[in-house]
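Please open the model in your viewer and keep the selection tool at hand. We will go from stop to stop, with a word at each on what to pick.

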Amino acid sequence: QVQLVESGGELVQAGGSLRLSCAASGRTFSTYGMGRLDMGWFRQARGKEREFVAAIRWSGYSTYYTDSVKGRFTISRDNAKNTVYLQMNSLKPEDTAVYYCAADSTRQSTFIATLTGSYSYWGQGTQVTVSS
């Protein structure tokens, strides 16, 4: 299996910045390697459904963002550190949510990054709270 552990979630004031990290490990991960995983970030606000935030393909050359975070958030990966990051700038109260890291090992040619069903592995989430 692949285990994903998110970290970096904190209480921050509006306009501030945070960087979330997602560390991958496990037997399946060790076999495939970080370079074979499509990675994504989703978030779920209280009382809302889980929504797509950002994703990066296994190759690292394609990234995707939901419209509400474009220009503010940046997804990146460091395969040598088995870690994916989400840099969040100019945070707004509307960004308050539990942020989840997700991964998929299939490297499907037609990858729909925005769908939760595109990912096989999920972390337990990290809380981000933006105060106004």
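This is a predicted model: local features need pLDDT of at least 70, side-chain atom pairs count only at pLDDT 80 or more; totals for chains, interfaces and linings use all residues.

Residues are numbered from 1 along each chain as its sequence is written, and side-chain values use heavy atoms, with hydrogens and water left out.

Strands here are DSSP runs of E with at least two residues, numbered from the N terminus.

Which residue of strand 8 stands opposite Ser-76? It is Tyr-85.

**Stop two: strand 11 and its partners**

Select residues 126-131. Strand 11 has a covered face of Thr-126, Val-128 and Val-130, whereas Gln-127, Thr-129 and Ser-131 make up the uncovered one. Strand 2 (residues 11-13) pairs with strand 11 in the parallel sense over three bridges, and Val-12 has Val-130 as its bridge partner. Strand 9 (residues 97-104) runs antiparallel to strand 11, again with three bridges; here Val-98 is partnered with Gln-127.

**Stop three: the cores**

Show the side chains of Leu-4, Met-39, Trp-41, Leu-86, Met-88 and Tyr-99: of the 28 residues in the largest nonpolar core, these touch the most other members. A nonpolar core is a set of buried Ala, Val, Leu, Ile, Met, Phe, Trp, Tyr and Cys residues joined through side-chain atoms within 4.5 Å, where buried means under 20% relative accessible area, exposed over 50% and partly exposed in between (1.4 Å probe, protein chains only). Among the strands that each supply at least two residues of this core are strand 4 (38-44) and strand 5 (51-56).

Centre on Met-88. Leaving aside neighbours within four places in sequence, its contacts (heavy atoms within 4.5 Å) include Leu-18, Leu-20, Phe-73, Tyr-99 and Val-128. For a second, separate core of seven residues, pick Phe-42, Ala-55, Ala-102 and Phe-111, which are included in it.

**Stop four: the disulfide**

Select Cys-22 and Cys-101, whose sulfur atoms are 2.0 Å apart and form a disulfide (a pair of cysteine sulfur atoms within 2.5 Å). Cys-22 lies in strand 3 and Cys-101 in strand 9, so the link ties together parts that are 79 residues apart in sequence. With -80 degrees about the S-S bond, the link is left-handed. Cys-22 is buried at a relative accessible area of 0%, and Cys-101 is also buried, at 0%.

Buried or exposed: what is Ser-21? Ser-21 counts as buried, at 16% relative accessibility. Its place is in strand 3, and the residues it touches include Val-5, Trp-41 and Tyr-85.

Finish at Glu-10, in the loop between strand 1 and strand 2. Glu-10 is partly exposed, at 48% relative accessibility, and touches Leu-18, Gln-127, Val-128 and Thr-129, not counting residues up to four places away in sequence.

Conventions. Two strands pair if DSSP finds at least two bridges between them. Helices (H or I, at least four residues) and strands (E, at least two) are DSSP runs, numbered from the N terminus.
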